[in-house]
Amino acid sequence: MASLSFTTLPSTSSSSKNPLFSKIFSHVKQSQRFQVSCNAAANNNEKTVKNSETPKLILPKTENVDRRNLLLGLGGLYGAANMTSIPSAFGTPIAAPDNISDCVTASSNLQNSKDAVRGLACCPPVLSSDKPKDYVLPINPVIRVRPAAQRASEEYIAKYKAAIQAMKDLPEDHPHSWKQQAKIHCAYCNGGYNQEQSGFPDIQLQIHNTWLFFPFHRWYLYFYERILGKLIKDPTFALPYWNWDNPTGMVLPAMFETDGKRNPIFDPYRNATHLPPTIFEVGYNGSDSGASCIDQISANLSLMYRQMITSAPDTTTFFGGEFVAGDDPLNKEFNVAGSIEAGVHTAAHRWVGDPRMANNEDMGNFYSAGYDPLFYVHHANVDRMWKIWKDLGIKGHNEPTSDDWLNASYVFYDENEELVRVYNKDCVNIKRMGFDYERSEIPWLHSRPVAHAKGANVAAKLTGIVKKVEDVKLPVKLNEIVKVLVKRPVIADRFEMITLP
Ligand code: C2O
């Protein structure tokens, strides 16, 4: 097992001489130094490499007929007569129910429910019978700046841990408690709610594998962050983000590991073989790629490029399929995840979840993911991808504009324990919401995968000096461009969407 340090770049392995490393890691401070062990088995290079095809995203068919008519026509519970009394049933945005007390024990999507260590009673506490109020964004909010987890200061980490500890210290039935916050995810993902608010009480509400994915999670983190800030009396508190799209952040952030002391952000239900220095796999599909660190980093960057650019040229491919009232999430037709949700998002859930657990708790399953503090830090970076995708300014990179999306709504307890209803349209501008992301380099922007036909000699077609990783000699002179060919591990084409086994 070769070991290499990102800061000192010992010359023990040929991979460590790659100029990419020195470039990317030259700014890592000595205090943040970390070791990366490569599973540098010699036979890695024999692995079949096949990842130049575009991930198969199943796109919604364009239909002249409203899908909801088809559902009715198929003898659903709502006959035509019934429909006239439900004017909202056509073109109605999805809405979480006003009556949160109608929430039911989560049941769906869990194969081993009897071994569900986190429990399936995911409904929120009901504090009053009042309907949720429409949430009004604070005017001129202080901007909370979310730091990259791998660069967070000791002082910040202490504050963040104190906030999570305070959350864990709350009585369990408090809407801000660690458990109640975790249950929100389970309720919205595992059949806790139905679509009664829009006239379909027999159809589940689901926010995954649809265009609700980004906005729902943005709001979820928004309140979670404000609650944490309130608990430690810091109105500027911001969640960290797990910067897995940058090589300096491609390991589980160190602060989440057990440190001998009581660490409130440590979670015992994580894959113990995926702790640092193991490199995260953007294309993780349940088994380790076995790639060397350098190859894995390179593969990760290419996949990021693909999921953010090549496979996400427009609204649907990035956000996921339309999902409106009457659409049944148990029907595969409505399970269309966007490129990031289907890709790196799901990969990280599976990569962190504990394979020894019946349901891959915690991160590996929707019902339990919210119990791991890392969930929110992972989702902060998922959310950052939305912002980056938009800010790239590429034609086609726009949020959905239909009323069905803009007015889709969810219900949360805010930091003042008020039950509020929030709308997608109010979460499009994060500055208005009062948060932003600390800048981090985006190296995948320069990692456009080279598409080539089988057997094509890529090297021959590249101009400039093209080398294999092992042939790169340091130092590389700055007056020449060196292109390095690296092998990439197999990637998963598409994940099963509902569970994250
Ligand atoms: Cu709601 Cu990462 O899943």
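Is Phe 435 buried or exposed, and what is its relative accessible area?

View 1. Phe 435 is buried, with a relative accessible area of 0%; buried here means under 20% relative accessible area, exposed over 50% and partly exposed in between (1.4 Å probe, protein chains only). This is a predicted model, where local features need pLDDT of at least 70, side-chain atom pairs count only at pLDDT 80 or more, and totals for chains, interfaces and linings use all residues. Residues are numbered from 1 along each chain as its sequence is written, and side-chain values use heavy atoms, with hydrogens and water left out. You'll find Phe 435 in strand 9 (residues 435-437); strands (E, at least two residues) and helices (H or I, at least four) are DSSP runs numbered from the N terminus. Setting aside neighbours within four places in sequence, the contacts of Phe 435 include Ile 143, Arg 218, Tyr 222 and Asp 383, a contact being heavy atoms within 4.5 Å. Ile 143 is 292 residues away along the chain, yet its C-alpha atom and that of Phe 435 are separated by 4.8 Å.

View 2. Follow the strands in the order 3-8-7 and you'll see mixed pairing; two strands pair if DSSP finds at least two bridges between them. Strand 3 (133-134) and strand 7 (409-413) are the edges, each pairing on one side only. Helix 6 (residues 213-231) packs on this sheet and touches strand 7 and strand 8, its direction making about 15 degrees with that of strand 7. For that angle, axes are lines fitted to C-alpha atoms (for helices over the stretch in contact), and angles run from 0 to 180 degrees between N-to-C directions.

View 3. Strand 7 pairs with strand 8 (residues 419-423) in the antiparallel sense, over five bridges. Two partners to look for in strand 8 are Val 420, bridged to Phe 412, and Leu 419, bridged to Tyr 413. Five residues lie between the strands, and Glu 417 takes a positive phi near 65 degrees in this hairpin. In a regular strand, side chains alternate between the two faces of the sheet. Strand 7 has both faces covered: Ser 409, Val 411 and Tyr 413 are buried on one side, Tyr 410 and Phe 412 on the other.

**View 4. Two aromatic pairs.** Rings of Phe, Tyr and Trp (its six-membered ring) pair if their centres lie within 6.5 Å; planes under 30 degrees apart count as stacked, over 60 as edge-to-face and the rest as tilted. That rule gives 39 aromatic pairs. Tyr 156 and Phe 237 are stacked, at 6.0 Å centre to centre with 0 degrees between the planes. Tyr 156 sits in helix 4 (residues 154-169) and Phe 237 in the loop between helix 6 and helix 7 (293-310), so their pair ties together parts that are 81 residues apart in sequence. Both of these residues, Tyr 156 and Phe 237, are buried. Phe 375 and Tyr 376 have ring centres 4.9 Å apart and planes at 80 degrees, so they make an edge-to-face pair. Phe 375 and Tyr 376 are both buried too.

**View 5. Lysines over rings.** A charge sits over a ring if NZ of Lys or CZ of Arg is within 6 Å of the ring centre and within 35 degrees of the ring normal. Lys 168 has its charged end over the ring of Trp 178, 4.6 Å from the centre. Over the ring of Tyr 423 sits the charged end of Lys 425, 5.0 Å from the centre.
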